[in-house]
Amino acid sequence: MTMLQPELESFRHELRAAVEADLACQRDHRRRLRRAVAIGTAGGLAVLGLSLALVLGAGSTPSRADAAILASAQGALTPPSDSVFHVAATIAVGSIPAQPYELWSAGSSYRFIKFGYEAAWNGTTMSSYDAATNTLYVGIYSPSNHAPVDTAATIRSLISSGQANVAGSAVVDGVPAYVLSFSGQPAGSGIANATYDVAKSDYRPLLIQGTIACEQGQCPETVHFLTYEYLPETSANLSLLDLSAQHPGAKVVNAGGVPGVGTSFGSD
């Protein structure tokens, strides 16, 4: 997960070049500033104001160290080819106690467990599993294009567009972490004005704290990552996406697209 893809390595070099160019520009203006102050002319005062503005505005460009952190965090969220993505986390919204969430995905297929509800999409059919009756409902009602929200892709995009910054350091469950902050996201998206903690050792996700739309309007949301990994695309790992493979003894019922069957919770 710490290996950078070629495009991320290029991104790092571009950021480094931009930082170095900015620093060179600042050095040039500081030399002009010193000369202007020494002369004490009106033109010198104008240069002083311009130079101060440039120096104060320099924070908009990541430092070389921050650029490297952002690129590595982006790399940790970039899936290798021919892999099965697996994430396990707890999600706390508002005052509701933290609930478990788990997702396996590969290509357009996925299986998830959210707040005790388990369902899967194999590319053509949505199915759900009822543990209380050990029943597998095949062909349940599912709104079109309702795949799990790809938070990793969103964060990668925010880093690429300069809407992510290194805000400091923290310790999450004893793990030293970098804290990233996001900007420019709509209210209620879950990562609007959010903080995102990644492990300093391998940049894996540890924690996201933001706000999400809820019945009360806006509620705080905390996603606490327990597992975040990319598995080899073996037959055994691909079976993790298959409800029937995970519950071989379950009774199978054709739901016939009936609304309300297995739709207690969404998949995002």
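1. His86 is buried, at a relative accessible area of 9%, where buried denotes under 20% relative accessible area, exposed over 50% and partly exposed the range in between (1.4 Å probe, protein chains only). The model is predicted: local features need pLDDT of at least 70, side-chain atom pairs count only at pLDDT 80 or more, and totals for chains, interfaces and linings use all residues. Residues are numbered from 1 along each chain as its sequence is written, and side-chain values use heavy atoms, with hydrogens and water left out.

2. His86 belongs to strand 1 (residues 83-93); strands (E, at least two residues) are DSSP runs numbered from the N terminus. Residues up to four places away in sequence aside, His86 touches Glu102, Leu103, Trp104, Thr227, Tyr228, Glu229 and Leu231, contact being heavy atoms within 4.5 Å. The C-alpha atoms of His86 and Leu231 are 7.3 Å apart, although 145 residues separate them along the chain.

3. The His86 side chain makes polar contacts with the side chains of Glu102 (2.6 Å) and Glu229 (2.8 Å). A polar contact is a pair of N or O atoms within 3.5 Å; within protein, one must be able to donate a hydrogen and the other to accept it, and residues adjacent in sequence count only if both atoms are side-chain atoms.

4. Rings of Phe, Tyr and Trp (its six-membered ring) pair if their centres lie within 6.5 Å; planes under 30 degrees apart count as stacked, over 60 as edge-to-face and the rest as tilted. The count by this rule is eight aromatic pairs. The ring centres of Phe85 and Tyr228 are 4.9 Å apart with planes at 65°, so this pair is edge-to-face. The pair connects Phe85 in strand 1 with Tyr228 in strand 11 (residues 217-232), 143 residues apart.

Definitions and conventions:
Helix = DSSP H or I, 4+ residues; strand = E, 2+ residues; numbered from the N terminus.
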